[in-house]
Amino acid sequence: MSWRLRHWREAATLLLAAGGPSASPPRPTAAGAFDYELLLLRRSPRSAFLPSAHVFPGGVADAADFSSDWLQLLPGGPRCGLGSVRSKCPRAPLFSAERPELGSPLPGDVAFRLCAIREAFEEAGVLLVLPGPVADAAAAATAATTGPARLLPAERLPPSSELAEWRLRVQRQPGSFLQLCRHLSCVPNIWALREWSNWLTPVGRAGRGGRRYDTAFYLCCLGQAPPVASHDDGEVTACQWSTPSEAVELFKSQDISIAPPQFYEFCRLCNFTSLHDLHRFASERALEGCERWMPVLMIASDGHMQILPGDELYPEDPDFTGERKPMLMTDKKIEDLMKDASRLHRIVTQDHNNVNIYVNIQPKYKHINPVTMDFKRGNNSDCNSKL
């Protein structure tokens with residue numbers, strides 16, 4: 001088995017934003033008036049990984065997501081009309097690795113989008129598809145850049161009871177998602193998903209059984225009111241729509257639990273109060289790709305930090321496997337570690353009421369830094385102004 005597969009389970013997750021000026025009045029918050037919300041799911045307390053945490057829809061990729069049978073439904077050859085990521089920066093292994101063991105020409109760029117869309121249906125009942133057949137993949141890709149996507153109207157879908165049966169079938173057998181799309185004469189709207197980020201579970205934060213994940217984060221903007229989402233009372237026990245700043249405030253007040261990658265991404269999305277601006281930004285940088293991030297844990301005497309690439313404390317040769325040094329330890333306090341630091345890219349946790357992101361480096365891949373949230377003082381500041 002390859003190094004890639006030995007240490008991580010490959011997965012995909014979907015940052016699903018819905019709203020826009022025509023959907024509903026903007027939601028005033030401390031960070032501004034947002035005209036969109038994002039879908040959050042609460043994991044079951046019985047989950048082996050992040051029990052009871054609030055997460056974006058997503059899950060582990062299945063061999064069915066890489067099935068060559070998708071090429072009979074999706075147009076445009078193996079890449080299905082998706083543009084090639086520019087080669088100025090190294091491509092994350094999750095997307096560039098070949099998978100001969102699966103015997104499929106379908107690249108990761110397509111398969112992980114299929115995985116994210118399938119998981120959104122399994123976990124929340126949200127079906128992100130286009131009416132088929134789609135004859136021109138290039139036209140579908142171009143249409144996806146002109147404006148946010150829309151879901152199929154209810155009259156185009158089967159009765160809710162039939163759709164619920166299909167949902168159960170897909171949960172039990174992921175390959176049934178392809179059958180569902182054929183049954184509906186629809187195709188998964190892979191063109192609406194924008195590559196956003198790639199997070200690796202850090203050493204020391206694995207779930208039960210040592211579960212660690214190499215996860216592709218995709219962003220999809222829906223130009224409509226947030227659709228009804230329903231939990232399955234299995235993996236997911238609740239669904240909610242929240243603006244980015246609302247989610248951060250709920251985390252601050254300990255009403256919800258959010259893992260560091262989700263916290264970072266919510267703070268990054270706080271840069272955009274408009275769905276139109278978010279969609280435009282994501283579309284314009286879509287072909288830049290994204291940087292692979294594995295946080296490195298540093299335990300201090302009064303808290304801990306998740307050190308991210310670019311920070312001056314990030315190891316030159318990080319221990320991806322946990323076989324050498326799973327985390328960094330120091331007797332220093334957080335304040336001493338922050339003092340005189342010149343290159344910052346870290347998530348600092350001193351207690352549940354004091355979690356902060358510090359970043360003053362230029363983001364790669366034409367991305368954007370998060371809006372920093374100082375929980376202890378309750379102040380917000382735009383870290384990009386410090387660059």
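**Aromatic pairs, strand pairing and buried side chains**

By the criterion applied here, in which rings of Phe, Tyr and Trp (the latter through its six-membered ring) pair if their centres lie within 6.5 Å, the count comes to twelve aromatic pairs. The structure is a predicted model, in which local features need pLDDT of at least 70 and side-chain atom pairs count only at pLDDT 80 or more, whereas totals for chains, interfaces and linings use all residues. Residues are numbered from 1 along each chain as its sequence is written, and side-chain values use heavy atoms, with hydrogens and water left out.

A pair of aromatic rings is described by the distance of the centres and the angle of the planes; planes under 30 degrees apart count as stacked, over 60 as edge-to-face and the rest as tilted. W199 and Y264 form an edge-to-face pair, with 5.5 Å from centre to centre and 65 degrees between the planes. This pair links distant parts of the chain, since W199 belongs to strand 9 (residues 194-200) and Y264 to helix 8 (residues 260-269), 65 residues apart; helices (H or I, at least four residues) and strands (E, at least two) are DSSP runs, numbered from the N terminus. Both partners are buried, a term that denotes under 20% relative accessible area, against over 50% for exposed and the range in between for partly exposed (1.4 Å probe, protein chains only): the relative accessible area is 3% for W199 and 0% for Y264. W199 also forms an edge-to-face pair with W293, at 5.2 Å centre to centre and 90 degrees between the planes. Because W199 lies in strand 9 and W293 in strand 12 (residues 292-293), this pair ties together parts that are 94 residues apart in sequence. W293 is likewise buried, at 8% relative accessibility.

Elsewhere, W70, F121 and F177 form one aromatic cluster. F177 is also one of the buried residues of helix 6 (residues 176-184), which are S176, F177, L178, L180, C181 and L184. These buried residues pack against helix 3 (108-124), helix 5 (160-172) and strand 8 (186-188), where contact means heavy atoms within 4.5 Å. Helix 6 is followed by S185, whose phi is positive, near 55 degrees. A ring is also involved in the arrangement of R169, whose charged end sits over the ring of W166 at 4.0 Å from its centre; for this assignment, NZ of Lys or CZ of Arg must be within 6 Å of the ring centre and within 35 degrees of the ring normal.

Strand 1 (residues 9-19) is largely enclosed by the rest of the structure, because ten of its eleven residues are buried. Strands are taken to pair if DSSP finds at least two bridges between them. Strand 1 runs parallel to strand 10 (residues 213-222), to which ten bridges join it, and the bridge partner of E10 in strand 10 is D214. With strand 6 (residues 58-60), strand 1 pairs in the antiparallel sense over three bridges, T13 standing opposite G58. Strand 4 (residues 36-43) is also antiparallel to strand 1 and is joined to it by three bridges, with L38 as the bridge partner of A17.

An open sheet of five strands has the order 15-13-14-16-17, with mixed pairing. Strand 15 (328-329) and strand 17 (354-359) stand at the edges, each with a single partner strand, so one side of each is left without a neighbour in the sheet. Strand 13 (residues 296-300) and strand 15 run parallel and are joined by two bridges, and M298 stands opposite L328 in strand 15.

In the loop between strand 17 and strand 18 (371-374) lies H367, which counts as buried at 11% relative accessibility. Apart from residues up to four places away in sequence, H367 touches W196, R268, F281 and R285. The side chains of H367 and R268 are joined by a polar contact of 3.5 Å, that is, a pair of N or O atoms within 3.5 Å, of which, within protein, one must be able to donate a hydrogen and the other to accept it, residues adjacent in sequence counting only if both atoms are side-chain atoms.

A search of the whole structure finds zero disulfides, a disulfide being a pair of cysteine sulfur atoms within 2.5 Å. C220 is in no disulfide, and the nearest cysteine sulfur, that of C221, is 6.7 Å away. C220 is buried at 0% relative accessibility, and C115 is buried with a relative accessible area of 0%.
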